[in-house]
Amino acid sequence: HGFVDPHIYEYDALTSQERWNEYADVILANPPFMSPKGGIQPHKRFSVQSKRSEVLFVDYMAEHLTPSGRAGIIVPEGIIFQSGTAYRQLREVLVNEFLIGVISLPSGVFMPYTGVKTSILVFDRVTAKRKPNILFSEVRHIGVSLGIKRTTSEYNDLPDVLRDYRAYYDDEELSLCSWLASREEILANGCNLTGSRYRPTVVNGDKRLVKIADVCRITKGTSSSTTTLPGPYPLILTAAEPKTSAAYQFDSSAVCVPLISSLGHGKAALHRVHFASGKFALANLLVALHPNDESELDAKFLYHALDVKRADIAALMRGAANVGMKPEDLAQFQIPLPPLDVQKEIVAEIEGYQKVINGARAVLDNYRPHVPIHPDWPMVELGKVARLINGRAYKQEELLSEGPTPVLRVGNLFSNRSWYYSDLELEKDKYCDAGDLLYAWSATFGPRIWEGPRAIYHYHIWKVETTGAIDKRFLLHLLEADSEKIKSEGHGIAMMHATKGGMEVRKFPLPPLATQQAIVAEIEAEQALVAANRELITRFEQKIQTTLARVWGEDETPKSAQRERVENETTFGESIPDG
């Protein structure tokens, strides 16, 4: 960074006292989160006695600020809410003498290195003595996606939080990212620094925001997902589909929210919320939210309001290996509470849209192109009307993470999985271009007309060159219809595959070319209607998002939904894990 004399000293600040009497005006730090096995063996000059490195480092920095010193320290979530004696003692010291702000960061800020949830503690010794309130801020967006890809996003809360600190010093209005809590209230809450505990109730026209704890009973599930005896009642799990149970825990309508995640932090951490009605059992990894007063809160409305905010609820989850949240943290999450008649209108509107979506999905799920076969059509060997051209086999060292030419493998033929590249120059037959008919003959079987870009295709794919006797698109549909049978008649034990010789003698019906083209035209007309159903789903899902945006007092698609869409977008050439 250009410092001529940076004054870097290497020593153990926690066990050595050699520089204990040095103080700093400003400290910026991201201290180690992990304590060594057996803990630290610290000296006795710390105000808080602990063997946890994160406790000792924060204590060290607080104690080594000058009387007008300031600090910004990135800390793991344990500092924020852990109930251990040392953690509580440290927070009490900070609240009374040092702390002016807590910035909650989303999980994934430090990807691709770690997905751990963190916060920033902001110290200012002079201001902490002067101001009775502490500034809490919640960062949900950082200008890039929170996964490995770091896709650029237009959503960024960091500038708002920076402005909020200026506003805090000048006693001006804060953005929606931040709010104040009195030191007295924080001390009364066991010095817990989880910001959502202190977020105020907001009234915005007829859209009143209330804490879940104020309008719902929260009950933890009691059933085991593995040992519960099956029976007539649904057993709600974190998975999409329920199991069954011989006994039931509830006989009512409720919203079921997972407390844990096996999928990590961020948007994936809470991937579904369930609505259950009637008699049902609940797994012990979820909680059921029951409205206290059904004349005030409709359970179905609560489900829709929370389902669209899954990413925001997931931000409550903490931990590195076992990611989860506490029911009391979920209890502090705020929801909009319009009048009951408005809630019911919103539910009816959403469910009307959902019926259209379900009908369109049924079309997508059930449609298969069909070639009507006339018994008078001659059966012709494939090798008589088409040429199968082998792709190229690669050694691993020939595959590059980047390069001039993509290598098309079976995994990429049907989905945009991890791409490899090559810098080799090959004969023309080893390349496929947009419009070429390709066939995967190993592991995954099936044809596709390649849409580009130009690529080198792998050995487990044939390029199919047709003669004038058969329409390429007609052959595509014949191969699609026959692929399951081709696979069942394939060779191999570990991985099934077809042989070129066997494929060339395989017989297919061959009507006149005009008949082929008429059949293709009919199928393509059907597929256009199917595609219209796909577009219908997209449009009506957007209508649902718009309706829920109104519920939350937003002008467009909720940011959490926009963020999920941005982070799920994939483009050609980006690395996506298999599966």
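Helix H3 lies under several elements: the cover of its buried residues includes helices H1 (53–63), H2 (77–81) and H6 (183–188) and strands E3 (99–104), E4 (118–124) and E5 (133–138). Buried means under 20% relative accessible area with a 1.4 Å probe, protein chains only. Helices (H or I, at least four residues) and strands (E, at least two) are DSSP runs, numbered from the N terminus.

This is a predicted model; local features need pLDDT of at least 70, and side-chain atom pairs count only at pLDDT 80 or more. Residues are numbered from 1 along each chain, and side-chain values use heavy atoms.

The buried residues of H3 are Ala 86, Tyr 87, Leu 90, Arg 91, Leu 94 and Val 95. They cover an arc of only 160 degrees around the axis, which puts them on the same side of H3. The arc is taken from the directions from the helix axis to the C-beta atoms.

The largest nonpolar core has 39 residues. Such a core joins buried Ala, Val, Leu, Ile, Met, Phe, Trp, Tyr and Cys residues through side-chain atoms within 4.5 Å. H11 gives the most to this core, with six residues. A second, separate core of 38 residues includes Ile 40, Phe 81, Leu 99 and Trp 179.

Two residues have these contacts (heavy atoms within 4.5 Å), leaving aside neighbours within four places in sequence.

| Residue | In contact with |
|---|---|
| Leu 306 | Ile 212, Val 255, Val 273, Leu 289, Ile 313, Phe 333, Ile 335 |
| Gln 343 | Glu 296, Leu 297, Asp 298, Phe 301, Leu 337, Pro 338 |

Gln 343 is found in helix H11. At 0% relative accessibility, Gln 343 counts as buried. Its side chain reaches the backbone oxygen of Pro 338 at 2.9 Å.

How values were computed:
Buried means under 20% relative accessible area, exposed over 50%, partly exposed in between (1.4 Å probe, protein chains only). A polar contact is a pair of N or O atoms within 3.5 Å; within protein, one must be able to donate a hydrogen and the other to accept it, and residues adjacent in sequence count only if both atoms are side-chain atoms.
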